[in-house]
Amino acid sequence: SESKMVKWSSLSLRARDVVHVGGLPTLMMKEYAARINTRIAYYMRVWESPFRFFLDDSLAFKAVFDDGTEMSAARLSGGQKIVASTSFRLAMSDTFAKGVGLLILDEPTNHLDADNITHLQQLLVRLKQLAGTSRRQIIIVTHAEQLTGFFDNTIRLLPHKIT
């Protein structure tokens, strides 16, 4: 019958898309992008960010502001890029390295204003709470004194005088 033929044709086209040379990797990337976008959205809410940040269908980074303005990630300010990239790194860790239990942030306060440093502090406290009694670790390399009180251990490196 014609309806069976239409269904078979549709199924055949979907199967071709999967087994085609670029089909399966593209489908996998879109699936992972959807997972990553869910986690990015979570961390952007923790930041109380005025924009949403995500991977679009072409796997390019986009930002959409509360007023509807949309732009590529490359056009974000330095502070906005820090917020977005930290959210992305955390999302990648949640997606691909959940069992690793290690997050390393190098100078995460660069280009952040006072409000976003406060949001980063809240994010770090939340991450510490989520880690609970697990063996997860967060290592932060920073010059920002505001971040030192949130951790169990702090290592301070003093400048070495050359004589």
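**Labels and their cut-offs**

Modeller: Gladly. The side chains of D56 and S58 make a polar contact at 2.8 Å, the term being used for N or O atoms within 3.5 Å, one able to donate a hydrogen and the other to accept it, with sequence neighbours counted only if both atoms are side-chain atoms. This is a predicted model, where local features need pLDDT of at least 70, side-chain atom pairs need 80 or more, and totals for chains, interfaces and linings use all residues. Residues are numbered from 1 along each chain as its sequence is written, and side-chain values use heavy atoms, without hydrogens and water.

Colleague: What makes D56 a residue with no salt bridge?

Modeller: D56 sits in the loop between β1 (51-55) and β2 (61-65). A salt bridge needs a Lys or Arg side-chain nitrogen within 4 Å of an Asp or Glu carboxyl oxygen; for buried D56, the nearest side chain of opposite charge, K62, is 4.1 Å away.

Colleague: Why is E107 called buried?

Modeller: Buried means under 20% relative accessible area, exposed over 50%, and partly exposed in between, with a 1.4 Å probe and protein chains only. E107 has 16%, so it counts as buried.

Colleague: And why does H111 count as exposed?

Modeller: Because its relative accessibility is 61%. H111 lies in the loop between β4 and α4 and has a positive phi of about 65° although it is not a glycine.

Methods
Helices (H or I, at least four residues) and strands (E, at least two) are DSSP runs, numbered from the N terminus. Lys and Arg count as positive and Asp and Glu as negative; His and the chain ends are not counted.
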